[in-house]
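Me: I would like to go through this structure by question and answer, starting with the overall fold and then moving to the helix contacts.

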Amino acid sequence: MRDAATWFGNYSRDHQNPTNRLIHWICVPAITWTVIAFIWLIPVPSAFGKPGLWAVVGMFLAFCFYYYRLSRVIGLAMAGAFISLAFLTDFLYYALGPSGLAWLAAIVFVAAWIGQFIGHKIEGRRPSFFTDLQYLLIGPAWLMSKALRRAGKDY
């Protein structure tokens with residue numbers, strides 16, 4: 001596994017344009033949420049738990065086996081983001097129902113990916129994940145590293 005600085009340096013090279021960066025600040029968290037929402041919708045046998053169990057398991061595994069290993073600080077920050085997204089998704093699940101959540105997630109997913117591709121068209125570079133699928137996990141961590149730096153913390 002490459003270190004965080006290497007991943008972020010490579011990712012940054014594909015994200016130099018300020019408009020593309022702004023689009024990423026909006027679309028990457030939106031896409032992250034939609035993935036969580038879609039997994040939230042996978043049925044959970046009542047004997048195992050309540051809706052959202054598989055999403056919580058997925059977020060926990062991403063935290064343990066990817067983000068925390070990449071950087072403890074980023075891992076803990078991502079855990080906080082995951083917890084926030086889980087609360088949001090749980091609220092929306094009960095407020096909108098499963099089909100309402102599915103429709104909302106689908107609309108946000110499509111709109112956010114359109115935004116991402118527009119950003120990369122403006123940038124003049126293809127998305128990083130075309131070279132390595134791990135960049136789909138790096139995008140949220142890269143934004144988190146920038147947020148942490150703005151808050152005076154280093155990863």
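Predicted model: local features only at pLDDT ≥ 70, side-chain atom pairs only at ≥ 80, totals over all residues.

Me: What is the radius of gyration of the protein chain, and what would a compact globule with 155 residues have?
Reply: The C-alpha atoms fill a box of roughly 45 × 30 × 30 Å along the principal axes. A compact globule with 155 residues would have a radius of gyration near 15 Å. The protein chain agrees with that, at 16 Å.

Me: What percentage of the residues counts as buried, and what share of the contacts between residues at least 6 apart in sequence joins residues at least 24 apart?
Reply: Of the 155 residues, those that count as buried make up 43%. For contacts between residues at least 6 apart in sequence, the share joining residues at least 24 apart is 72%.

Me: At what angle do α3 and α5 pack, and is the crossing left-handed or right-handed?
Reply: Helix α3 covers residues 53–70 and helix α5 residues 135–150, and their axes lie 11 Å apart. The angle is about 50 degrees, which makes α3 oblique to α5. The crossing of α3 past α5 is right-handed.

Me: Which residues make the contact of α3 with α5, and how do they divide by class?
Reply: From α3 come Y66, Y67 and L70, and from α5 come L137, I138, P140 and A141. By class, the contact has no charged residues, no polar ones and seven nonpolar.

Me: How does α2 pack against α3: what are the angle and the distance between the axes?
Reply: The axes of α2 and α3 are 7 Å apart, at an angle of about 135 degrees. That angle makes α2 oblique to α3. α2 passes α3 in a crossing that is right-handed.

Me: Which residues of α2 and α3 make that contact?
Reply: The residues of this contact divide into seven nonpolar, no polar and no charged. On the α3 side they are W54, A55, V56 and M59, and on the α2 side I36, I39 and W40.

Me: What is the class make-up of the contact of α2 with α4?
Reply: α2 and α4 pack with their axes 5 Å apart, at an angle of about 145 degrees. Their crossing is left-handed. By class, the contact holds two charged, 10 polar and 27 nonpolar residues.

Me: Is L101 buried or exposed, and which residues does L101 touch?
Reply: L101 is found in helix α4, residues 72–123. L101 counts as buried because its relative accessibility is 0%, and the cut-off for buried is under 20%. Leaving out residues up to four places away in sequence, L101 touches W33, A37, W40, L41, T89, L92, Y93 and L96.

Me: How far is the C-alpha atom of L101 from that of F91?
Reply: L101 and F91 are 10 residues apart along the chain. Their C-alpha atoms are separated by 9.9 Å.

Me: What covers the buried residues of α1?
Reply: In helix α1, residues 4–13, the buried residues are A4, W7, F8, N10, Y11 and S12. Their cover includes α2, α3, α4 and α5.

Definitions and conventions:
Residues numbered from 1 in each chain as written. Heavy atoms only, no water. Axes fitted to C-alpha atoms, helices over the stretch in contact; angles between N-to-C directions. Helix = DSSP H or I, 4+ residues; strand = E, 2+ residues; numbered from the N terminus. Parallel < 35°, antiparallel > 145°, perpendicular 65-115°, else oblique. Left-handed = near helix turned anticlockwise from the far one by under 90°. Contact = heavy atoms within 4.5 Å. Nonpolar A, V, L, I, M, F, W, Y, C, P; charged D, E, K, R; others polar. Rg over C-alpha atoms; globule rule 2.2 N^0.38 Å. Buried < 20%, exposed > 50% of the residue type's maximum accessible area, 1.4 Å probe, protein only.
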